[in-house]
Structures are given as C-alpha cells and as structure tokens.
Amino acid sequence: MAPTDVLVIGGGIIGLAAARELAEAGARVTLVDAGRNAGSTANAGSLHVQLQSRFMRLYPEQVPRVEAALPFFRKAVEHWESLERELGPFDFVRKGGLMLADDEAQLAFLERKAERERRRGLDVEILDRAALERAAPWVAPGIHGAELCRDEGMINPLLAVSRMISELGRLGVRRETDRIRGIEVGNAGIEAVGERGAWRAGEAIVAAAWGSGPIARSLGTPVPTMAEPLHMNITEACGERIAHLVQHAERSLTLKQVRTGQIVIGGGWPAEDRGPDRVPGVRARSLLGNVGLAARLVPALRSLRLLRSWAGMNTTVDGTSVIGRLPGAPRVTMAVPADAGFTLGPLIAKMACALVLDRPPPADPAPFSPARFGRSGA
Ligand SMILES: Cc1cc2nc3c(=O)[nH]c(=O)nc-3n(C[C@H](O)[C@H](O)[C@H](O)COP(=O)(O)OP(=O)(O)OC[C@H]3O[C@@H](n4cnc5c(N)ncnc54)[C@H](O)[C@@H]3O)c2cc1C
C-alpha cells in the first residue's frame, strides 16, 4: 500500500476532524477504521460543559481531573459553533443546560457544584422554582429548582458526522476499512499492522476510542481505554417546546428536543456489552428506567410513543482526555476523549493535529499527555 504522510486510525468524530485538519494543511492522509461501534454515530448530541452528576456518582476519583478541564469543555462548544459556520448547518443550538433538583438537598448539591464551576469560568446560575418555571414551563410540579449552565447546547451528531465525511471526499482523504492490531515504529516512519495488511506512513494519529488502548500498549504505553455500552431513545415529535439540554442532579438523564420536535432521551443507562465486534444490546430495564424518569420530570412526554431505542459504545479513560505523542514513540499521537467525547471531539482533533503539524495548540496539551500512564514494565 502506498505510503502516506499521516495515518489516522479510527473514523469517529475525532478521526474525521483530524483527517480534515491535516488534509487542509496539505498532508496526504489515509484514514483507517474498523467500521464498528463508533460512539459518534450512536450518541445523543448533547454539548456538555457543567460537571455531570452521573459522572460524579460513578467515577468520584476522576472528578478533580474533569473539574480542572472544565474550560476545555467550554472551548470545545465554541469550536463546534465555529465548525458549523465552516461546514454548514448541523443544528447547533446553545440555549443552556438545566440540571433539575427534586428537593432541597439536591439543590444544595447543585449550589456547591455551581460555585466550583464558576471558579473555572463557567456561566452558571441557580434557579429557584419560580425562576425555573419561567425558563422551563414544561417542568413537572414537584421539581424544586435547577442549575442553569448557559455554556451548554446540542447538535445533530449524524448531520455533523456526515458533513465531516463529505469534507474528506472534497479533500481527497483516502478512507479504508481495517482493524489495526498494533504499530511498529522505524526510523523513517510507522507501520500499522491490520487484519487486511500493513499501513505505512510518516506518522499516525490514534483516534480509535475504546480500541486505542491496545494500540498504545503495542508501543509500551498502558492507556486504559474502556468500552462502556450505553442506552438511548427517541420519541415521536412533541408539541411542547423544550429549548434546553436537561439533566438531573442525582439520576442518569439527558433529554433534549431536536429541531423537528422529537425528544432524545439518554444520559448513560447501561446496555449489554456484546464485545467489540457486535453492537451492544438494548436492556429492557434501561429502556423503562430511562423513559420513566424522563416522563416523571417532563409530564408532556407521558403521551408520546417511542420511535426507537438503541445502544452504542462509549469510551472512558481516567477522566482526562489523552492527547499527545506517545512516550518512546513520538511518531504516534493519541487523540482519545474522556467522557462527553462528542462535545470534545473536534477540539481534541485540533490539539492532536497541532502537535503533528508543529503549530500552536488551541489549549495547553500538558494535562492530557499520555506520559501520565508511564511505560509498561517501567
Ligand atoms: C449512547 C451514547 C450517547 C452518547 N452521548 C453523548 C453526548 O450526548 N454528548 C457527548 O459529548 N458525547 C456523547 N457520547 C460519547 C461520544 O459519542 C464519544 O465519546 C465520541 O463519539 C467518541 O468519538 P471518537 O472519534 O473518539 O470515537 P468513536 O466515534 O467511538 O469512533 C472510534 C472508531 O474507531 C474504530 N476502531 C476501534 N478500534 C480500532 C482499531 N483497532 N483499528 C481501526 N479502527 C478502530 C471504531 O470502529 C470506531 O469507528 C455518547 C456515547 C454513546 C455510546
């Protein structure tokens, strides 16, 4: 196979955005993707900025790292906005995110959380019941109040991904299907060994989400990527107008209305892991729990029918995205998101490409370096 300047491994939002950025800069780029379980084509399109209560509950040890990266999340949403201006509409909306509290204790938790987020530069405010009703008249009578984060929003991920793919066509990026097993680094470049063959290039960007860990391990860095199968639903169109991204202070929920009126309901309910080669399975328990919670918080949903439920593969690491050259293998640059990877995706791609193209990065890459994992056996 003909050599290329940069091999991008993984064709989700990060791989696509990276391939676009590199090709725009004049590099010859090949993108190789295994063709399965991209979170980018299964996700909810929420643009997250505030600390997610789900994440705080499940991964408390990772919260300090996520908190330190909050300005990065905010910058990532701004980057999406500028991308929409460049690529054409994909329903970017930034009307803010509401995190609902059922009682006084949950609101007190949100007050403490908002204080921490304000210190990191987020535009947050606590709404009492009266203020919440003015902002969100559709909210259930029992809801006590909410935190409003004005930095949050949403996009249509399928439109955004398809616009990125069209860009790669325009720029002449070669797209291939293969699963990379590992990378070997020589003096002149890299060779990625896949199931179909060997792919040679000057350097590589690894943007294979849950599949990135084994590739990094083949070069001696134990990046602990984990696959996390998650559940999603979409209802038929709803007459009520819901402008915000909606979450809950304690329970797993994201809820939003797309431009055509349907309500997308998710927020991290588990799905059945069927291995990397099969799409995760929908669990009835998650389906019922997820839509039941949504209907309790937003009564207008109770009369709607579900159009579809599905499951997709998310990726977690240690709470911090992994962006940077691999220690001991500087021709290989990692580009893997922490939680909320669709929000962060294009900005992570831009950071990784800045390293490859030797340009100033849009944010300090040091906190994201894969060097924090050390070297196997070291
Ligand atoms: C149900 C669900 C809902 C979500 N909702 C949101 C949300 O609302 N907001 C948000 O910000 N984030 C959300 N996420 C997370 C987000 O979708 C992901 O973090 C993000 O899309 C990851 O993008 P990526 O480019 O890193 O990888 P992915 O889109 O996961 O793509 C990785 C690609 O790499 C390929 N690959 C893997 N291993 C190899 C290999 N060895 N060789 C070659 N290719 C390989 C895979 O086949 C895949 O195509 C959600 C995730 C899920 C599953």
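## Loop residues with a positive phi

Ala-340 counts as buried because its relative accessibility is 12%, where buried means under 20% relative accessible area, exposed means over 50%, and partly exposed lies in between, for a 1.4 Å probe and protein chains only. The model is a predicted one, in which local features need pLDDT of at least 70 and side-chain atom pairs count only at pLDDT 80 or more, while totals for chains, interfaces and linings use all residues. Residues are numbered from 1 along each chain as its sequence is written, and side-chain values use heavy atoms, with hydrogens and water left out. Ala-340 sits in the loop between β18 (329-336) and α10, helices (H or I, at least four residues) and strands (E, at least two) being DSSP runs numbered from the N terminus. Although Ala-340 is not a glycine, its phi is positive, at about 60°.

Asp-91 is a residue other than glycine whose phi is likewise positive, near 65°. Its place is in the loop between α4 (70-87) and β4 (97-101), and with a relative accessibility of 19% Asp-91 counts as buried.

From C-alpha to C-alpha, His-48 and Ala-34 are 27 Å apart in space, and in sequence they are 14 residues apart.

Val-223, in the loop between α8 (212-217) and β12, also counts as buried, its relative accessibility being 0%. Between the C-alpha atoms of Val-223 and Glu-115 the distance is 32 Å, for a separation of 108 residues in sequence.

## The ligand and its shell

How many residues surround the ligand? There are 38 of them, and the closest are Asp-33, Arg-36, Ser-40, Ser-46 and Thr-343; a residue is taken as near a molecule or strand if one of its heavy atoms lies within 4 Å of it. By residue class the shell divides into 19 nonpolar, 15 polar and four charged residues, with Ala, Val, Leu, Ile, Met, Phe, Trp, Tyr, Cys and Pro counted as nonpolar, Asp, Glu, Lys and Arg as charged, and the others, Gly among them, as polar.

Oxygen atoms of the ligand are found 3.1 Å from a polar backbone atom of Ile-13 and 3.1 Å from a polar backbone atom of Phe-342, while a nitrogen atom of the ligand lies 3.2 Å from a backbone N or O atom of Ala-44. Taken alone the ligand exposes 1,000 Å², of which the protein buries 97%, with accessible areas coming from the Shrake-Rupley method with a 1.4 Å probe and, for residues, only the protein chains shown counting as cover. Two or more residues of the shell come from each of α1 (13-24), β2 (29-33), β12 (226-237), β16 (306-316) and α10 (341-357). Because domain 1 (4-41 + 158-225 + 318-373) and domain 2 (94-153 + 227-316) both give residues to the shell, the ligand lies between them; these bounds come from an automatic or database domain assignment.

## Salt bridges

The count comes to 30 salt bridges, each defined as a side-chain nitrogen of Lys or Arg within 4 Å of a carboxyl oxygen of Asp or Glu. One of them joins Lys-113 to Glu-117, with the closest N and O atoms 2.8 Å apart. Lys-113 and Glu-117 are separated by about one helical turn because they are four residues apart in helix α5 (residues 104-119), and both are buried.

In another, Glu-125 pairs with Arg-150, the closest N and O atoms being 2.2 Å apart. This pair links distant parts of the chain, 25 residues apart, with Glu-125 in strand β5 (residues 124-128) and Arg-150 in the loop between β6 (145-149) and β7 (153-154). Glu-125 is partly exposed at 32% relative accessibility, and Arg-150 is partly exposed with a relative accessible area of 35%. Arg-174, partly exposed at 29%, forms a salt bridge with Glu-176 in which the closest N and O atoms are 3.0 Å apart. A network of salt bridges links Arg-20, Glu-24, Glu-86, Glu-167 and Arg-170.

How values were computed: Polar contact = N/O pair within 3.5 Å; in protein donor to acceptor, adjacent residues only side chain to side chain.
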